[in-house]
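This report examines selected local features of the structure shown below.

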Amino acid sequence: MKEISQKIGQKIKEVREEKGITQKQLGEYLGYSAMGVSYFEQGVREVKVSDLQKIASFFGKEPSFFLSAGLTIFRADKNSGTDMETSKSLSDFDKFLARRKQK
Amino acid sequence: MNSQIKYIEKISSQALQKAGGSDLPVPVEKIAGAFGLEVVEFAFHNKISGLLKKEQGVIGVNQTHHPVRKRFTIAHELGHFLLGHGLGEEIQEETIDDSFDKSHPQEREANQFASCLLMPREFVKKEVNKNSLDIEKLSKTFGVSKQAITIRLLELKLI
């Protein structure tokens, strides 16, 4: 279970930092101290389902987002969550395939 | 076992019969090849585990990832292909071998397929009878992560 808690925590940290929110701010929303949030993020303390729901709605995500082992699905055709690096990587692969075909 | 899982078990065992034979670990790349899919390794951004290019008959897999993870990625993408996902569209995504809780149903199905293909029911039962429940050893025999074999054993009610 600890491994899963760590992954969920990692994901929470990632999203929190991405949104520019401090541990203190998230803690205030949830009713915990900054230290409490830090424990969640490190996977030291397990996140209760009710808290996960709150965290998800705070960041405008589905709770399952945090359960997907710290990773998100992206589909280039839907433009959701496709960032610059992954787009570049995908187009590089297309070029690679095209070059390979020519040979 | 619900009907969707039964269906996925059926498709994966057909795929195995087509090209897998009885060798372990399951030769996932060879099976993909039997369906006209070529596995191409590429130095993708770390976030991308693999992708399926249906039109070109290509499964791209991140060459920097661990071999065990690559195997699961290939099986996962083959799952999308054989389960008829993303008809006409390009599927690009991350896959990881321990994401049994993905929100998108097609991702769950593809993971289920990968699990069934890499750890066929009868093979798992046989190995468990032979080696008992040595997770470490079983994970090596099937070329999967310890977490993946554990999930499969739970699913097959062997633990």
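Predicted model: local features only at pLDDT ≥ 70, side-chain atom pairs only at ≥ 80, totals over all residues.

In general, an α-helix has 3.6 residues a turn, so residues three or four places apart point the same way. Lys95(A) is partly exposed, at 48% relative accessibility, and Asp92(A) is likewise classed as partly exposed, at 25%.

A further salt bridge joins the side chains of Asp94(A) and Lys53(B), at 2.6 Å from N to O. This pair crosses between chains, from helix H6 of chain A to strand E2 of chain B. Over all chains, the structure holds 16 salt bridges.

## The buried pair Glu41(A) and Arg16(A)

Glu41(A) forms a salt bridge with Arg16(A), in which the closest N and O atoms are 2.5 Å apart. The pair links distant parts of the chain: Glu41(A) lies in helix H3 and Arg16(A) in helix H1 (residues 2–18) of chain A, 25 residues apart. Both Glu41(A) and Arg16(A) are buried; the relative accessibility of Glu41(A) is 7%. A network of salt bridges links Lys13(A), Arg16(A), Glu17(A) and Glu41(A).

The side chain of Glu41(A) also makes a polar contact of 2.9 Å with the side chain of Gln23(A). Leaving aside residues up to four places away in sequence, the residues touched by Glu41(A) include Gln6(A), Gly9(A), Gln10(A) and Ile12(A).

Besides Glu41(A), the buried residues of H3(A) are Gly36(A), Val37(A), Ser38(A) and Phe40(A). Met35(A) lies in this helix, which spans residues 34–42, and is partly exposed, with a relative accessible area of 49%. Gly43(A) follows H3(A) and has a positive phi, near 80°.

Val44(A) is located in the loop between H3 and helix H4 (49–59) of chain A and counts as exposed, at 53% relative accessibility. Its C-alpha lies 8.8 Å from that of Gly9(A), although Val44(A) and Gly9(A) are 35 residues apart in sequence. Together with Met35(A) and Tyr39(A), Val44(A) forms a nonpolar patch on the surface with about 290 Å² of accessible area.

## Strand E3 of chain B

Strand E3 (residues 58–62) of chain B is mostly covered, with 5 of its 5 residues buried. In a regular strand, the side chains alternate between the two faces of the sheet. Both faces of E3(B) are covered: Val58(B), Gly60(B) and Asn62(B) are buried on one side, and Ile59(B) and Val61(B) on the other.

E3(B) pairs with strand E1 (residues 38–42) of chain B in the parallel sense over 5 bridges, and Val58(B) is the bridge partner of Glu38(B). With strand E2 (residues 50–53) of chain B, E3(B) runs antiparallel, joined by 4 bridges; here Gly50(B) stands opposite Val61(B). E2(B) and E3(B) form a hairpin with 4 residues between them, and Gly57(B) in the turn has a positive phi of about 65°.

Terms used:
Residues numbered from 1 in each chain as written. Chains lettered and ligands numbered in written order. Heavy atoms only, no water. Patch = residues over 30% accessible without salt bridge, like charges linked within 9 Å, V, L, I, M, F, W, Y side chains within 5 Å. Areas by Shrake-Rupley, 256 points an atom, 1.4 Å probe, with all protein chains shown as cover. Salt bridge = Lys/Arg side-chain N within 4 Å of Asp/Glu carboxyl O. Helix = DSSP H or I, 4+ residues; strand = E, 2+ residues; numbered from the N terminus. Buried < 20%, exposed > 50% of the residue type's maximum accessible area, 1.4 Å probe, protein only. Pairing = 2+ DSSP bridges. Polar contact = N/O pair within 3.5 Å; in protein donor to acceptor, adjacent residues only side chain to side chain. Contact = heavy atoms within 4.5 Å.
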